[in-house]
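Morning, everyone. I have one model to walk through, and I'll keep it quick.

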Amino acid sequence: RPLKGAVEFRQVGFRYPDSDVNVLSDISFSARAGETLAIMGSTGSGKTSLLGLIPRLYEADEGAVLVDGIDNRKMELETLRRQIGYVPQEIMLFSGTVAENISWGKRDASLDEIKDAAKRAQIHETIMKLPLQYDTVIGQKGVNLSGGQKQRLSIARALVRKPAILLLDDCTSALDVRTESALLAELKDLSCTILLVTQKISSTANADTILLMDDGRLLASGSHHELMQNSLLYQRIYES
Ligand code: GTP
Ligand code: MG
């Protein structure tokens, strides 16, 4: 089966419905199916807004967002979202067991599928140390998890759906460099397209392309090697 999950932005402009200022202007880039794209940029530069346009949490006002070559506004919402795993910046876990939290987006997932997702998300071993393992209740009425453990649990939640496109919004921020790179290597193995918002230059090592955003615009894009040669800003981030 041919790889799916190509994402392309064509001169995308976007403003929130309650506002008349563009938060994204003239954004163009493309990620081929199976590629990893890292998105960097200062706070408020539009990274979360950009990701939200892919599953159509909002729609582009100008230009188009294409998924496998099709304008995503022309796709049935359910068909579009079925192939996307979205890990938001604000992690949301509920009071329930670990297994329930992971299978939240795919109720019929088997325990094997849940475990497989947890292993890939580098959280399985932690779960096995909990009092009731996958049956341990977490959240307000159960055990507390650290920030990084919550992040990996919510990544497992996205993986259990076996997405063609994986959107990670700054959700590896609490992971140490080693855990994060093990995670990214696992994800690479899944050959899904990954758009990873990150503040950490270490996360861009595995990326095919890096996008540098500033104030709703794309300042630069290219491989690590290209940006080291062409972008003073990227060099500055790298050296800091
Ligand atoms: P960080 O997550 O802090 O790194 O920022 P970001 O790069 O993800 O920026 P984001 O896309 O969240 O915001 C871009 C701009 O859109 C900012 O100026 C926000 O104030 C604005 N914005 C974000 N969400 C909303 C919203 O729901 N309504 C309106 N009107 N503006 C918003
Ligand atoms: Mg954000």
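Start at Q89: at 41% relative accessibility, Q89 counts as partly exposed. On this scale buried means under 20% relative accessible area, exposed over 50%, and partly exposed in between, with a 1.4 Å probe and protein chains only. T48 is also partly exposed, at 32% relative accessibility.

Ground rules now. This is a predicted model, where local features need pLDDT of at least 70 and side-chain atom pairs count only at pLDDT 80 or more, while totals for chains, interfaces and linings use all residues. Residues are numbered from 1 along each chain as its sequence is written, chains are lettered from A and ligands numbered from 1 in the order in which they are written, and side-chain values use heavy atoms, with hydrogens and water left out.

What coordinates the magnesium ion, ligand 2? T48 through OG1 and Q89 through OE1, at 2.0 to 2.3 Å. T48 lies in helix α1, residues 47-52, and Q89 in the loop between β6 (84-87) and β7 (96-97), so the pair ties together parts that are 41 residues apart in sequence. Donors here are N, O and S atoms within 2.8 Å of the metal (3.2 Å for Na, K and Ca); water is not among the atoms, so sites may look incomplete. Helices (H or I, at least four residues) and strands (E, at least two) are DSSP runs, numbered from the N terminus.

Next, ligand 1. It is surrounded by 14 residues, and the closest are T43, K47, T48, S49 and Q89. Near means that a heavy atom of the residue lies within 4 Å. The shell divides into 2 nonpolar, 10 polar and 2 charged residues.

Now the atom pairs. An oxygen atom of ligand 1 is 2.5 Å from an N or O atom in the T43 side chain. For the side chain of Q89, an N or O atom is 2.7 Å from a ligand 1 oxygen. For Y16, the ligand atom is a nitrogen, 3.4 Å from a side-chain N or O. Taken alone, ligand 1 exposes 650 Å², and the protein buries 62% of that.

Two more residues. S203 sits in the loop between β10 (193-197) and β11 (209-214). Buried or exposed? S203 is buried, with a relative accessible area of 1%.

Last, H224, in helix α8, residues 224-230. H224 is partly exposed, at 27% relative accessibility.

Methods. A polar contact is a pair of N or O atoms within 3.5 Å; within protein, one must be able to donate a hydrogen and the other to accept it, and residues adjacent in sequence count only if both atoms are side-chain atoms. Accessible areas come from the Shrake-Rupley method with a 1.4 Å probe; for residues, only the protein chains shown count as cover. Ala, Val, Leu, Ile, Met, Phe, Trp, Tyr, Cys and Pro count as nonpolar, Asp, Glu, Lys and Arg as charged, and the others, Gly among them, as polar.
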